[in-house]
Amino acid sequence: MSNDLPAHARERLKGLRTSAHPSGVFTSDFSVNEFLLVRKAGFEPIGLCVGSCVYHVGIQYRSWSKNQELDVLSKAMYHARELAMSRMRAEAKAMGADGIVGVKLTIKRMEWDRHMLEFMALGTGVVHAAGHEGFRAHDGGPFTSDLSGQDFWSLLHSGYRPVELVMGSCVYHVAHRGMLSSLGTITRNIELENFTAAMYEAREIAIERMQAEAANAKAEGVVGLDIHEGSHSWESHVIEFFAVGTAVLPLHQEIAPEKIPDPMMVLSVND
Amino acid sequence: MSLFDFFKGQDAETLARQAAADRRRQEIVTAIHRQRLPKHIEARLHDSRDGKSPWIATLTPAELRIVRSHGVRPIAAVSASCWLHYGFSWTRGHRQGWQTALRRLGEEAKAAGANAVLDVKMRTVPIETEDSMDFSLIGTAVKVAGLPPREDPIIATVPALEFVKLLEMGIVPTGIAIGAEYKWLTNWQGGANLFWNGNTEVSALSNLWVRVRERALQLLREDAEEQGGGTLAHTHFSEMFECEGEKQKRYLARYIVIATVVNQVRAKSISPDFRMCLDMRSGPTPLSGTSRHHQSYDSTEREGAI
């Protein structure tokens, strides 16, 4: 399946509000607060953008007692997410969106086959209300971001704009302790350097890959980095380090930095 | 890769890639053993320090505002791990494990040219292995303008917003303090077996708790004293077990307390006035902390910043 949109998807997108159809209906998964802040930030929601992909993960051979990246699995997680993301982005492009806010990336395992995973990316396409095109990504397409509407507003008012949802993944096999079993008789607390090294390598690969994506998107930095350690029902010593964040660029003309006021100190009185 | 590929044998490119990965892995093992940073991690941190590659921050967009208003510049995501085998003591291992990870985190921050690490989160990778545990830390290395020069970077387990909130009031979060203690109680006189008694306090076990807790808190104070004035203890973890001994039952009590160390000038008034505000967020708000700061101790489910 390519990224060409199916006919029924094009039909659905046609009814949406665009610059050409100002009277159209918009769809979004915004909460009230999100909606208000996206509007306040000078943007209008157009429609929900969805991309999905059901993926069969290939067989990976590994040795029991070795730390190693499981590159077949790494590539699978990467490729499948990329397919879901690019399909979502194609929908956004077709509806003329400047960007997608609040992207949620989910992974589900199919019950009947542990090699089969479903990836879904869902977010709300938005346009700049005044038709400013400076918010698009470096390739002229819509920006993507997992920031909520509130975070989107905050980011613009920090003097930055989102460019791309960047991610790095590394599926890693942590060696079993067969070779270390003699430790059972040691009565000191000692570091298992081999295990520590596994954490270091896997995390580093994930961060490096994410940083490379940010550099490709010509971004200045990455905000909201989170590293998930997930096992997606693989066997016990296989773990995925998944780094995800939003690549950002400073705003130049869109909001002049001197217009941004300093934040005010408040202390929340609710618990 | 399909099953067929496996039998094809490997081409030169694959072999070269594997050799490079092996060299990298060996470098990490050597670096950990010699207590230095792995070379490629150091190189990445240097690139971030010199602005050659994009900065990476765990900060939220709202926290990016303090970049502008408080002179905090994010540089790189830094992380550290220590996987410890408990030959001697699980409980005391926690102190050793976190402290090793903290030292390594500080080294990464130095390589990134930072004078503070904010938003430090404590993590444990969910892999079950016998008698061992992973102690991982992840945070954002930053350069805070106007901070007095110091040899080791500040390590703050608070999010960036809380960090500047404290700074504005003249309080500097400086590090993490850990107190961990365990004690065994052998049930010699049957003091813990009160089957025939009515409602009554099990004094033997009450006293055991007191002794363990007092000692853990004392260790916490000693650890904090070296770093600064006070602690904000965000994590309390405690467990008690009954074990079968050779003749008598034995009881094990353990107590682990982890705190953010803060340095303050006593009796100084808190300067800015507070204002009530309407929070536009749904769910957790940065006003009361942005995210869970540890997931290593399951029994303490309290979330948010300290």
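# Chat on a predicted model

Me: What's the strand order in the open sheet of 4 strands in chain A?

Reply: The order is β1-β4-β3-β5, with mixed pairing. Strands here are DSSP runs of E, at least two residues long; helices are DSSP runs of H or I, at least four residues long; both are numbered from the N terminus. Two strands pair if DSSP finds at least two bridges between them.

Me: Before we go on, what kind of model is this, and how do the labels work?

Reply: This is a predicted model: local features need pLDDT of at least 70, side-chain atom pairs count only at pLDDT 80 or more, and totals for chains, interfaces and linings use all residues. Residues are numbered from 1 along each chain as its sequence is written, while chains are lettered from A and ligands numbered from 1 in the order in which they are written.

Me: How many bridges join β1(A) to β4(A)?

Reply: 13, and the two strands run antiparallel. As one example, A:Tyr55 stands opposite A:Leu117 in β4(A).

Me: New topic: α2(A). Which residues are buried there?

Reply: A:Glu34, A:Leu37 and A:Val38. Buried means 20 or more other C-beta atoms within 10 Å of the residue's own; exposed means 12 or fewer, and partly exposed is in between, with C-beta atoms placed from the backbone.

Me: Why are they on the same side of α2(A)?

Reply: They cover an arc of only 100° around the axis, which puts them on the same side of the helix. The arc is that of the directions from the helix axis to the C-beta atoms.

Me: What covers the buried residues of α2(A)?

Reply: The cover includes β1 (43–56), β3 (99–109), β4 (116–128) and α4 of chain A. After α2(A) comes A:Gly42, with a positive phi near 95°.

Me: And α5(A), how many residues does it have?

Reply: It has 24 residues. From first C-alpha to last it reaches 34 Å, close to the 34 Å expected at 1.5 Å a residue. That expected span is 1.5 Å times one less than the number of residues.

Me: How many residues of α5(A) are buried?

Reply: 18 of the 24, so α5(A) is largely enclosed by the rest of the structure. Just after it, A:Lys218 takes a positive phi of about 60°.

Me: Let's look between the chains. How many residues of chain A are in contact with chain B?

Reply: 68 residues of chain A are in contact with 67 of chain B. Contact means that the C-beta atoms of two residues, placed from the backbone, lie within 7 Å.

Me: Which element gives the largest share of the side of chain A that touches chain B?

Reply: α5(A), with 15 residues. By class, that side has 33 nonpolar, 21 polar and 14 charged residues. Ala, Val, Leu, Ile, Met, Phe, Trp, Tyr, Cys and Pro count as nonpolar, Asp, Glu, Lys and Arg as charged, and the others, Gly among them, as polar.

Me: What does β8(A) pair with in chain B?

Reply: Strand β1 (residues 55–56) of chain B, in the parallel sense over 2 bridges. A:Gly221 stands opposite B:Trp55 there.

Me: Last one: what pLDDT does chain B average?

Reply: The average is 80, and 82% of the residues score at least 70. Over residues 298–306 of chain B the pLDDT is below 50. pLDDT is the predictor's confidence in each residue, from 0 to 100. For the complex, the predictor gives an ipTM of 0.76 and a pTM of 0.80.
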